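Student: Hi! Could you walk me through this structure?
Tutor: Happy to, here it is.

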Amino acid sequence: MIGNKRKNGILGTKKSLLMLGLACSLLFTACSSNSEPNASGGTNTDTGASKERVTLKVEVFDRGNSPVGSTITDNYLTNYIQENFGEPNNIDLEYVPVPRSEEVEKLNVLMASGSNVPDIVFTYDPNTFNRYAKQGGLTDVGPLLDEHAPNLKAFLGDEVLGYGQYQGTQFAVPAKRSNVGKYASFIRQDWLDKLNMPVPQTTEELYETLKAFKEKDPGATGGQVIPMGMTIASAQYEPLLWSFIKPLTDEQKYTLTQQLGSNDYPTLLPGFKDALQFMNKLYNEGLISKDFGLDKDKKKLGEDVATGKVGFYSEDDINPFYENGSYDTLQKNVPGALLHSVDVFTNEEGKHAKPMYAPNGLYIMIPKSSERAVEAIKYLEWMATGDNLFNLQNGIEGENYTMVDDIPVVVENPTEEALNRLYNGGDMIIISNGKQLGSMELNLKARAMQMPAKFKDQVEAAQVIANTDVIPPVLMDRPIEAQTKYGTTLLDKFNEMIVKTTMAKPDQFESVYETMLKDYMASGGQAILDERTAVYKEMQAK
Amino acid sequence: MASSPHLNRLHKEETAVSWNAYFRRYWQLYALLVLPLIYFIIFKYGPMYGIIIAFKDFNFFQGIVGSEWIGFEAFKEVFGMRDFYLTLRNTLMLNFLDLLVSFPAPLILAIMLYEMKVQWFKKLSQTVLYIPHFISWVIIGGIVYQVFGTQSGMINNVITSIGFDAIPFLTDKNDWLATYLLVGVWQSAGWGTIIYLAALTGINKELFEAAGIDGAGRLKRIWHITLPGLKSTIVVLLIINLGHMISIGFERPYVIGNLAVREYSDVLSTFVYRIGLQSGQYTLATVVGLFQAVVGLVFVLGANYTSKKLTDEGIM
């Protein structure tokens with residue numbers, strides 16, 4: 001077998017060399033032609049073209065959940081938009097599907113291909129946005145917004161728009177979030193009742209409660225009790241970590257915070273070490289799951305909550321309350337189980353400090369090579385105009401929703417047709433994350449009404465908690481290049497640091513912490529710190 | 001393929017005849033060769049063009065050609081990264097241990113299967129041994145978690161219920177190493193027997209009979225007949241394995257590894273994934289890939305050279 005291969009090789013040498021050369025030259029020409037359209041790209045203000053019928057290509061997330069009769073590129077919403085926006089403006093809309101789970105990878109490929117790039121693309125990842133902006137691949141939408149999009153600008157507001165700027169230039173239209181609350185905590189009220197204990201109000205009280213859960217095992221789990229559910233996902237550890245952070249001066253806030261991906265991380269903030277020390281104590285006393293470092297996707301946690309092993313945990317505010325979610329399943333598994341929303345972790349000032357979402361969602365971008373930048377902005381402007389947003393998000397009155405106290409309430413048992421109308425709403429209405437009803441209060445109310453009625457009280461409580469004492473993200477004057485570069489690596493290091501320091505023997509905590517911090521700083525943490533310090537000085541000098 | 005010697009002979013005889021006549025006669029054979037050639041050119045040689053990304057500050061709005069040359073800047077950066085050395089060490093360590101543990105496993109298993117006389121049991125064992133090969137690593141990862149978990153893994157449930165301390169199979173680096181290696185054996189050993197079993201069928205049965213008559217026991221027969229019969233196969237596989245010393249599959253370390261044991265589980269392939277695909281630093285990722293390829297080539301050539309010197313067997 002192997003000997004034969006060699007002979008083939010000799011016979012084919014001349015030919016393969018020839019073809020190799022041919023292939024290379026083909027590749028070269030293919031790739032060099034790639035870069036040409038960019039040269040002719042640039043801003044395009046060819047308004048005279050509006051008479052001619054043009055095609056506008058828009059990216060859309062494909063979650064593979066299209067109902068029978070619809071596809072992600074041909075459904076109620078695409079037709080609605082074509083009819084109400086496309087036809088009057090002489091535009092054909094074409095949707096370009098991108099799988100949700102690999103949006104960044106696929107988008108990179110699309111952008112690099114040069115041809116067939118959609119006119120509207122988007123991502124949740126600020127690093128990707130910064131990279132595109134830095135490499136000069138995006139259209140400056142500032143003048144276009146001023147000229148064509150008064151409603152959109154009013155809808156988003158200056159704060160949200162600020163997130164779409166790169167070094168002072170508006171390279172993206174950020175979507176607006178309808179709700180910025182992130183986390184709440186949950187406790188087994190029936191366990192507390194059984195032990196005759198009050199709801200813990202502070203971190204110290206929580207510690208005592210957890211110890212009682214462990215010793216007395218009120219859930220009769222037979223030694224399997226996990227007093228505090230923990231994972232290596234941010235929803236579980238962030239509320240705990242941030243409650244240990246000391247009050248910060250402005251300078252500390254701007255220079256010592258490390259933004260990795262879309263979240264701010266407290267690696268260098270005063271108090272962070274105390275938080276790790278507390279985690280270490282909890283772990284070594286058997287108060288958190290031994291395998292928390294393996295649970296990146298919260299699957300094990302969800303399982304443990306639903307089977308009644310977990311006494312207390314933090315999570316995205318309304319996450320436990322979905323139909324057939326962890327609370328629903330818990331009640332089926334353990335009759336009489338009660339899961340209550342609580343706000344426990346307390347910082348030095350007695351506040352329940354916890355992070356919140358940035359007010360923006362998606363970064364919507366127009367590639368520089370696009371010749372339909374004006375139409376793209378008009379598309380977004382149309383969404384923000386009049387009733388359009390409301391109609392797109394809520395469907396048809398009577399069939400999809402009825403109005404109760406200014407809130408569109410989803411019709412119970414809607415027809416199949418009505419249900420299928422909005423399955424892709426979240427991904428089509430790109431200018432907003434979540435339902436927009438004009439005010440945060442109404443938004444939250446509407447959000448609670450989408451949840452199962454039996455959990456209404458706890459959902460509302462969780463939403464209030466999620467919006468209490470929130471720590472806003474720190475926005476720098478210009479993007480920190482080191483963050484774009486090292487963000488992913490450092491996020492891994494940060495998580496590793498939590499896992500290693502938590503799992504260390506108490507007497508080894510100090511040395512493990514030192515080693516991990518050194519590694520973190522050497523892998524880009526120092527570079528971020530230096531750059532942020534420099535930018536802060538610039539900001540002060542202004 | 002069997003006609004190659006034939007072709008060579010003809011070639012010599014017909015040197016006077018024009019290339020045209022020769023080609024007209026044997027063009028089908030060449031035509032057959034075209035498909036694999038095209039495959040190699042498009043999928044194996046074509047992408048090599050991308051190597052120049054390693055020497056450019058790659059900006060994908062400008063394409064490969066349009067990006068600026070930066071010489072060996074990226075190499076300097078990669079060779080200055082701590083994680084590069086850590087992942088390089090881990091790659092070599094995991095591969096070397098794998099070679100020690102996973103390489104002999106299919107050989108031993110194949111000999112055991114070969115010695116089995118009850119046919120139906122032999123067939124059944126083979127099938128059972130092959131199955132793990134067809135399970136994706138993602139699923140194996142899930143199984144490993146369920147079986148070896150510290151808090152609620154099956155094995156640790158048994159250990160703790162009889163009063164011992166749970167063993168952190170997945171979260172202590174040394175225990176993890178053992179888990180990693182054994183899972184690898186479980187997954188690949190059965191499938192690996194195929195090539196040995198094929199080679200074993202080539203051994204003349206009369207040799208065994210003659211040895212039996214001469215009074216050689218089972219172990220003696222294995223030592224003096226079976227193993228020498230497998231020698232060339234073992235050498236070839238060993239060379240191929242050595243060539244892969246520096247490269248490592250992505251899925252197994254990524255799926256079985258975790259943050260608590262990153263010190264051992266982070267390897268070059270996960271490193272490339274992190275800096276390349278996740279952080280979009282294609283230049284750095286290409287540098288690491290190129291480095292792996294060059295070192296891999298050195299390993300293969302070295303192993304081949306040594307093997308030729310020692311045993312006269314080689315792949316080139």
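We'll talk about confidence, then domains, then a sheet.

Student: What should I know before I start?
Tutor: This is a predicted model, where local features need pLDDT of at least 70, side-chain atom pairs count only at pLDDT 80 or more, and totals for chains, interfaces and linings use all residues. Residues are numbered from 1 along each chain as its sequence is written, while chains are lettered from A and ligands numbered from 1 in the order in which they are written.

Student: OK, what is the mean pLDDT of chain A?
Tutor: Chain A averages 86, with 90% of its residues at 70 or more. The pLDDT is the predictor's confidence in each residue, from 0 to 100.

Student: And which elements of chain A have the lowest and highest mean pLDDT?
Tutor: The lowest is helix α2 (residues 36-40) of chain A, at 37, and the highest is helix α12 (residues 272-284) of chain A, at 96. Helices (H or I, at least four residues) and strands (E, at least two) are DSSP runs, numbered from the N terminus. Over residues 1-50 of chain A the pLDDT is below 50, and this stretch has 50 contacts in the model beyond near neighbours in sequence. Two residues are in contact if their C-beta atoms, placed from the backbone, lie within 7 Å.

Student: Switching topic: how is chain A divided into domains?
Tutor: Domain 1 of chain A covers 47-178 + 360-438, and domain 2 covers 183-355 + 451-541. These bounds come from an automatic or database domain assignment. Taken over C-alpha atoms, the centres of the two domains of chain A are 33 Å apart.

Student: Last one: what is the strand order in the open sheet of chain A?
Tutor: Its 4 strands run β8-β11-β7-β12 (chain A), with mixed pairing. Strands pair if DSSP finds at least two bridges between them. At the edges are β8 (226-228) and β12 (339-342) of chain A, each pairing on one side only.

Student: Which residue is the bridge partner of A:Ile226?
Tutor: That's A:Val310, in β11(A). Strands β8(A) and β11 (residues 310-316) of chain A run parallel and are joined by 2 bridges.
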